[in-house]
Protein chains: 2
Amino acid sequence: MAPTHVHADPAAHAHLRPARFPVTVDVVALTVGGGELRVLLINRLIEPFKGGLALPGGFVLPGEDLMGAAARELAEEAGVARLPGHLEQLQSYGPAGRDPRGDVLTVAHLLLAPNFPVLAAGSDAAHAGWHPVSGVLDGELDLAFDHRQIVSDAVERARSKLEYSPLGAAFCGEEFTIAQLRTVYEAVWGTRLDPRNFHRKATGTPGFLEDTGTMSAGEAGRPAALFRLAPESRIVAGGPVRAVLNPPLMRPRG
Amino acid sequence: MAPTHVHADPAAHAHLRPARFPVTVDVVALTVGGGELRVLLINRLIEPFKGGLALPGGFVLPGEDLMGAAARELAEEAGVARLPGHLEQLQSYGPAGRDPRGDVLTVAHLLLAPNFPVLAAGSDAAHAGWHPVSGVLDGELDLAFDHRQIVSDAVERARSKLEYSPLGAAFCGEEFTIAQLRTVYEAVWGTRLDPRNFHRKATGTPGFLEDTGTMSAGEAGRPAALFRLAPESRIVAGGPVRAVLNPPLMRPRG
DNA sequence: ACACTTATCGTCAAGTTGACAATAAAGAAA
DNA sequence: TTTCTTTATTGTCAACTTGACGATAAGTGT
């Protein structure tokens, strides 16, 4: 804390040239595949942590806003042309004590998306790939900087959002079956849910889902009805996400 | 987006000198008084928006972390010696297009606290004071920068946190009656709650409240039992806030 | 003692949840 | 084709929670 006798005027420091910090955005891109939650990681090509795994991200450019920077980094580092899902800001970290090069503030973002193809290995650019979140959380995979903490916070945010928002559908495509939506919940929460009770809650919540009238086909078992998000709960880029699930669909505790 | 032919290496910009931004922290300090939700605002002494109302806040110093900076600004601008409640990070805004002086990134924070005394007017320093949140939200009070938006986001965060976390108690002192806690909920949500049903939920939720054994006195009406947060839901600085209210105590919708 | 105010306990119908039976509709196997 | 297997969807039922509100308890002010 600044010595009081130097800054008698509480706003005095504002007269000083303010310190400036490098600002980065990092993106925790989550998807569901193979029944588990996965996170997008890139191979770092430069120091520090060269050769290690890290979240996609990079410096914010002058005149840029945070969301735009996050989307740009995703495009540059993972080769995603158009935002494939729901992007929101997560939390900021720093600036002290998280980068060996010095103070760096990072604004972490969260992307919930269907499994999408990423920049393959073999190019001279960075390799991007999906990795099981469990491996990150239990320390099997080592991440650069404080990225493991960031992933952990992102997963907790995702878990809690599924309880009351329609964001689970962000992991599915435009149309999906109740069972597909259920596997999303199961993967994110890491629990099993009763298909019948889940079906009841999903279809019984007003303003959540809308029947498309079409059916899934080709899978094993009886064909399932295809749904999409109802207009009330549709996810618009930058728009607010409504708390449609009321009462919420709580994850099993204990 | 950077021209691809210039940055064939997606991480190339990391080799460039990264842009640096001034970083500020702003604090939305909320309290409950007179049955309504109030926010702490200061009178700006310097341009821009000199003489206008704004959130307490200021530049982050080198080597500082965000929470620390927020606490320091609160101390400097409002004269609070020790953090009187629960402080958490809210969201980051910027850096583009929110300060006439140029790009400034701000990390907004949220303080939930009992009514505490602030730096009075009359000193040569800034005046700090409590103002009704309703006046800010409905545009009666004009705030500097994008601070109205920030207050709006902060209030929404607070409203939602009361539903599932024990943070309502952060507005009360160490010990409080059920009725005091209820008025917090009523002020934050802007609704009336049935005292009997609220009492049932508050005292009936395991791990939420703990009876102190003592009674309130001096008020009108029958004395009320004094409670404190149960150990499971106690709020530790920097620690996680547990979702104790399960199922949640939902605010009335519609 | 009496009125008034607030706290706390009960009651009851309506809605929600968790556990699980039963049926429906497809493809695969016999 | 008939049967088996798999998944989808509809019900059922008891336990629990919620919202509305009656009744009683225990203080203060007159």
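# Reading a protein–DNA surface and a buried serine

User: Which helices each supply at least two residues of the surface near DNA strand D?

Analyst: Helix 4 (178–189) and helix 5 (195–204) of chain A do, and so does helix 5 (195–204) of chain B. Helices (H or I, at least four residues) and strands (E, at least two) are DSSP runs numbered from the N terminus, and a residue is near a strand if one of its heavy atoms lies within 4 Å of it. Helix 5 of chain B gives the largest share, 4 residues.

User: Before we go on, how should I read the numbering and the values?

Analyst: This is a predicted model, where local features need pLDDT of at least 70 and side-chain atom pairs pLDDT 80 or more, while totals for chains, interfaces and linings use all residues. Residues count from 1 along each chain as its sequence is written, chains are lettered from A and ligands numbered from 1 in the order written, and side-chain values use heavy atoms, without hydrogens or water.

User: How many residues surround DNA strand D, and which are the closest?

Analyst: There are 22, the closest being A:Ala179, A:Ala225, B:Arg196, B:Asn197 and B:Arg200. By class, 8 are nonpolar, 4 polar and 10 charged (Ala, Val, Leu, Ile, Met, Phe, Trp, Tyr, Cys and Pro are nonpolar; Asp, Glu, Lys and Arg charged; the others, Gly among them, polar).

User: Which side chains have a polar atom by a base nitrogen of DNA strand D?

Analyst: Look for polar contacts: pairs of N or O atoms within 3.5 Å; within protein, one must be able to donate a hydrogen and the other to accept it, and residues adjacent in sequence count only if both atoms are side-chain atoms. A:Arg222 places a polar side-chain atom 3.1 Å from a base nitrogen, and B:Asn197 has a side-chain N or O atom 3.0 Å from one. B:Lys201 instead lies 3.3 Å from a phosphate oxygen, through a polar side-chain atom.

User: Is A:Ser165 buried or exposed?

Analyst: Buried means under 20% relative accessible area, exposed over 50%, partly exposed in between (1.4 Å probe, protein chains only). A:Ser165 is buried because its relative accessible area is 2%. It sits in the loop between helix 3 (147–164) and strand 8 (176–177) of chain A.

User: What does A:Ser165 touch?

Analyst: Contact means heavy atoms within 4.5 Å. Not counting residues up to four places away in sequence, A:Ser165 touches A:Tyr185, A:Val241, A:Arg242 and A:Leu245. Its side chain also reaches the backbone oxygen of A:Lys161 at 2.8 Å, and a polar atom of that side chain lies 3.1 Å from the backbone nitrogen of A:Leu167.
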